[in-house]
Amino acid sequence: MRVGLFITCLVDVMRPEIAEATVRLLESAGCTVEVPMAQTCCGQPGYNSGDTASARDLARKFLVEFERFEHVVLPSGSCGGMIRHHYPVLFADDPDLRVRIEALASRTWELTSFLHDVVGMKSLPGRFEGEVTYHDSCSGLRELGVQAQPRALLALQPGVKLVEMKDARACCGFGGTFAVKYGDISTAIVDEKIERIHASGAPCVVLGDLGCMLNIEGRLRRTGDTTTRVLHVAQVLAGDAVPAPASSKGA
Amino acid sequence: MQVQSMHFKARSGQKLADVRLQQNLKILSQRWTVGRTNAIAELDDFEGTRDEAVERRNRALANLDAYLERFEAEATRRGATVLWAETPEEASRLVVAIAKKHEVAKVTKSKSMVSEEMALNRHLEAAGVKVVETDLGEYILQINDNEPPSHIVAPVVHKSKDEVSDLFARVHDRPRLTEIPAMTREAREFLRPHFLSSDMGVSGGNFLVAETGSVAVFTNEGNEGMCTVLPPKVHVVVTGIEKVLPTLEDLATVARLLPRSATGQSISNYFSILTGPRAPGEQDGPEHMYFVLVDGGRTGLLGGEFQDMLRCIRCGACMNHCPVYQKIGGHTYGWVYPGPMGSVLTPAYVGIEKTLDLPQAATLCGECHVVCPMKIPLPDLLRKLREKQMERGLRPRRERAGLAAWAFAAKRPGLYRPMVRMASWVLARLGGDSGRIGSLPMSGGWTATRDLPAPSGPTFKERWAKQRH
């Protein structure tokens, strides 16, 4: 199966190892992975800030770069929601383009839904050991219905024990530019998320979106928690997350 | 009501720092989200009921003019008077005129958010009419120097029992009580003489029923009946024109959703359908019944991209489940309606330029859309308002410039790739050994309270290019 990888701009810059883990998972699932090098951003920052015109331009760009693939996979529910859910709306007035965008959107997948729902993955390429708790990222959960898939895949990892936190589905307070425009409200929200993570007792929180990851990790570190790990689900599934240091909490 | 939404940022800061408010809000969000979850589970087919209710509300709105005319004809036929107000101010003038006509000295009110839009109490009092709020929450706010409500269903949810104990002791001039039943009894003692001496009752209306000319009211305290049925000569219903439903069957459908979504009750303690004034031979009811139906910006939403908002049945589920409302409470939003529904309605009713923060101060997490019994796409509507702000040049220059620069680069891969390679390099250096960035120019909103985790190495594209080509 020929799969186009949409890296997402945040993963590309901030956590390239997540894209590597994604490639590893896809290849172990028997896919041939291609990475169109002209790809940039899905356009969500502009779209959510009211700049619809540039979002439309970037949607067209995405179409040009990815239309040739059987499937497109990306390690983000938020960009996935943008493409699957919002791209078609952007071309409401252009029936020809809309049909093409809809067709491409319908074969564009958030990583865990692709691995679970499309490929039916049964074994993982690497090992990860430890207790984890899972945070449901908003767009993946509510726009794409990503909830059972990451949990089912984590269950394939024999060394992983999933302990659910309370209100795992509650927003972490990131919200894109919201986190910068209303930093104090955003912080109050992430503090509650962190309380839940700590209360779960798991030394590691796993999630599927870079925004939540930077928000939760950034707040944990600022408040002096240097041990709770924040990992993308791809890293845990691929088993190539750097092992936790021996001194870390719960290890 | 005066619009205070422009003070959103300053107010949200104060609310976040208010320890007691934070505790009160936490209790609310836990109790009400769990209550709703349990209550909707009782329905055999919640989703089906919801779809049906949405369809019924849509049908009413699609022919709003016809149903309002039908309502007027039926209500008039049963002896009520139907008056129309284009603005909330006009609605207040009409209510004052009714009070004057019937020589009313005292009005008892049951809860109405539309009367808050109208600033009705202020207008009545300016005309020399005494107004007594009789919903317990609204009563507490009124005796606390006319504080505005902070929630559309539970107006006093921002206050703890202790704060109310202090307030009652001070205002009632009685020994301080600490048990809720005793406090409620005391409020009742103070309210009863007003019920018995009131000349006119004012209530809101959850729904109007076109086929019978009736108003339907959901309440929990029994005060509404005391205001509308028991002693007064006159009952005035104030509500919005969008509240009309064609039939009692429609009402039955939405009635299955409203209390469940609002307070987690299968049905509210009281549910009244009031039709016309007291007819000859009837035991109770007012001598005169009026409907003051307010537009106040509602027709402006009809037929446009915000029409979905008119389906709103004012249950408050969106705010109960909103991560932002749960942290800042209702007063921060600065007008009558808080939370996600308020962040759409306020710009629509009072002006987009006075409410710049409201559509922005949302994480777009989507939980409001998930819980809305009327399936109003609140995140999409908030996003549309952001689009309008942008189109009208209402966003700060720096924000617009930043977005334009990002879009410019993102459309040009030849520029984008070296740019992010550079950014990654700079950020990684700034992160140093710790991998954490403590402060960054123009990112104070983030770095004041959070580190920015630094890039973990060269970009994926650079690595990929090296490995695979």
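How far apart do the C-alpha centres of domain 1 of chain B and domain 2 of chain B lie? In this predicted model, the two centres lie 25 Å apart. The domain assignment of chain B gives domain 1 (1-20 + 318-395), domain 2 (43-299) and domain 3 (411-468), such bounds being taken from an automatic or database domain assignment.

Residues are numbered from 1 along each chain as its sequence is written, while chains are lettered from A and ligands numbered from 1 in the order in which they are written. Because the model is predicted, local features need pLDDT of at least 70 and side-chain atom pairs count only at pLDDT 80 or more, whereas totals for chains, interfaces and linings use all residues.

Chain B as a whole comes next. Chain B contains 23 helices and twelve strands; helices (H or I, at least four residues) and strands (E, at least two) are DSSP runs, numbered from the N terminus. Taken along the principal axes, the C-alpha atoms of chain B fill a box of roughly 95 × 55 × 45 Å. Of the 469 residues in chain B, 48% are buried. A residue is buried if 20 or more other C-beta atoms lie within 10 Å of its own, exposed if 12 or fewer, and partly exposed in between, with C-beta atoms placed from the backbone. Among the contacts in chain B with a separation of 6 or more, 76% join residues 24 or more positions apart.

One helix pair of chain B can be followed in detail. Helix 9 (residues 161-173) of chain B packs against helix 10 (residues 180-197) of chain B at an angle of about 35 degrees, with their axes 11 Å apart. Axes are lines fitted to C-alpha atoms, for helices over the stretch in contact, and angles run from 0 to 180 degrees between N-to-C directions. The crossing of helix 9 and helix 10 of chain B is left-handed, that is, the near helix is turned anticlockwise from the far one by less than a right angle (right-handed if clockwise). Helix 9 of chain B brings K161(B), V164(B), S165(B), F168(B) and H172(B) to meet I180(B), M183(B), E186(B) and F190(B) of helix 10 of chain B. Five nonpolar, two polar and two charged residues make up this contact.

Chain A is divided into domain 1 (2-118) and domain 2 (124-238), whose centres, taken over C-alpha atoms, are separated by 22 Å. In chain A, 31 residues of domain 1 are in contact with 24 residues of domain 2. Helix 2 of chain A gives the largest share of the domain 1 side, seven residues. That side has ten nonpolar, 15 polar and six charged residues.

The axes of helix 11 (residues 183-200) and helix 12 (residues 210-222) of chain A come within 10 Å and cross at roughly 85 degrees.

S76(A) lies in the loop between strand 3 (71-74) and helix 5 of chain A. S76(A) is buried, with 31 other C-beta atoms within 10 Å.

Finally, the two chains meet: 52 residues of chain A are in contact with 50 residues of chain B. Helix 12 of chain A provides the largest share of the chain A side, seven residues. That side divides into 24 nonpolar, 13 polar and 15 charged residues.

Technical notes. Contact = placed C-beta atoms within 7 Å. Nonpolar A, V, L, I, M, F, W, Y, C, P; charged D, E, K, R; others polar.
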